[in-house]
Amino acid sequence: RQTPSFRTFSFWMVQPRVLLLLCSPKGQPHLRLLDELCDIQRITRPFFFLDQQPGATVTDLASSLSVPERPEVIHFGGHHFASQGVIVFEEQDHKSRFVNTDVMVDLIAAIPAQNTPRAIFLNCCSSSTFASKIANIRYVICSLVELADACALAFVKGFYSSLVQQFCAQAPEFDYPAAFRGGINMIKLEAPRRLWEKPIYHFIDNKIPPERPLAGTSLAPTTAPATTTTTTTSSSSTTAT
């Protein structure tokens with residue numbers, strides 16, 4: 001297998017920055033976030049710059065969003081409780097800090113335009129309602145259901161592998177719908193079929209009107225593609241990111 005050359009890497013001059021917010025506080029169900037982090041590191045190095053925030057606190061989030069370097073992607077891996085409308089960060093003592101998703105939406109909306117990322121990836125359970133409120137970021141990737149670890153990890157591999165392939169091909173900008181399909185295809189390759197017989201992930205393009213379907217927005221072998229807005233009533237998983 002041919003290894004991408006550093007000559008290709010030098011074409012872009014600046015490494016795309018990925019802000020990784022990973023949270024699995026004490027007292028919450030265990031998440032395989034270390035595996036998620038290791039997979040992202042293995043796939044993206046040395047092509048992307050990873051701003052890693054393991055055990056992320058709310059202060060870490062605010063500080064990371066205030067730096068002058070614009071992240072290409074904000075990636076959150078952790079717990080989301082849809083029934084309560086909260087996302088879980090950590091305190092300094094590693095205990096849970098529950099943050100209302102509306103507060104998160106306001107914080108994201110306050111990002112200066114020049115620092116706004118092109119995509120946000122919410123790799124946590126049943127995050128579509130939360131995701132639908134984010135309007136200032138072009139591409140939003142979220143989940144429709146409680147995520148099994150096998151699906152969450154497989155999607156990460158496919159998604160970031162596609163972005164790296166595009167980077168090495170000197171694409172003028174990232175094709176996020178293609179990266180999303182890469183994640184879906186990897187789930188089909190690695191995860192048991194029983195885990196992906198119904199839609200799992202959802203893709204939102206905030207430049208496309210909600211009534212216009214986007215091909216490949218959800219993972220369902222036998223159902224029609226989801227539209228660009230969705231709602232969910234599922235609660236957070238105890239075994240997923």
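The secondary structure of the protein chain comprises seven helices and nine strands, where helices (H or I, at least four residues) and strands (E, at least two) are DSSP runs numbered from the N terminus. This is a predicted model, in which local features need pLDDT of at least 70 and side-chain atom pairs count only at pLDDT 80 or more, while totals for chains, interfaces and linings use all residues. Residues are numbered from 1 along each chain as its sequence is written, and side-chain values use heavy atoms, with hydrogens and water left out.

Of the 241 residues of the protein chain, 54% count as buried, a term that means under 20% relative accessible area, with a 1.4 Å probe and protein chains only. The accessible surface of the chain comes to about 11,200 Å², and 53% of this surface belongs to carbon and sulfur atoms; the areas come from the Shrake-Rupley method with a 1.4 Å probe. Among contacts (heavy atoms within 4.5 Å) between residues at least 6 apart in sequence, 70% join residues at least 24 apart.

Two cavities of 30 Å³ or more are present in the structure. A cavity here is a set of points, on a 1 Å grid over the protein atoms alone, where a 1.4 Å probe fits but cannot get out, and lining residues have an atom within 4 Å of a point. Grid points are joined across faces, edges and corners, and a volume is the space filled by probe spheres set on the points.

| Cavity | Volume | Lining residues by class |
|---|---|---|
| Largest | about 70 Å³ | twelve nonpolar, no polar, no charged |

The residues that line the largest cavity include Leu-21, Leu-61, Phe-76, Met-104 and Phe-130. The elements that give two or more residues to this lining are α3 (58–66), β3 (73–77), α4 (101–109) and β7 (119–123), and the largest share, three residues, comes from α4. Around the second largest cavity stand Arg-17, Ser-64, Leu-65, Val-67, Glu-69, Pro-71, Ile-111 and Asn-115.

Thr-57 lies in the loop between β2 (49–54) and α3, and counts as buried because its relative accessibility is 6%. Leaving aside its neighbours within four places in sequence, Thr-57 is in contact with Phe-89, Glu-90, Glu-91 and Gln-92.

Definitions and conventions: 1 Å grid on protein atoms, 1.4 Å probe; cavity = no way out; pocket = protein on both sides within 12 Å on 5 of 7 lines; lining within 4 Å. Nonpolar A, V, L, I, M, F, W, Y, C, P; charged D, E, K, R; others polar. Buried < 20%, exposed > 50% of the residue type's maximum accessible area, 1.4 Å probe, protein only.
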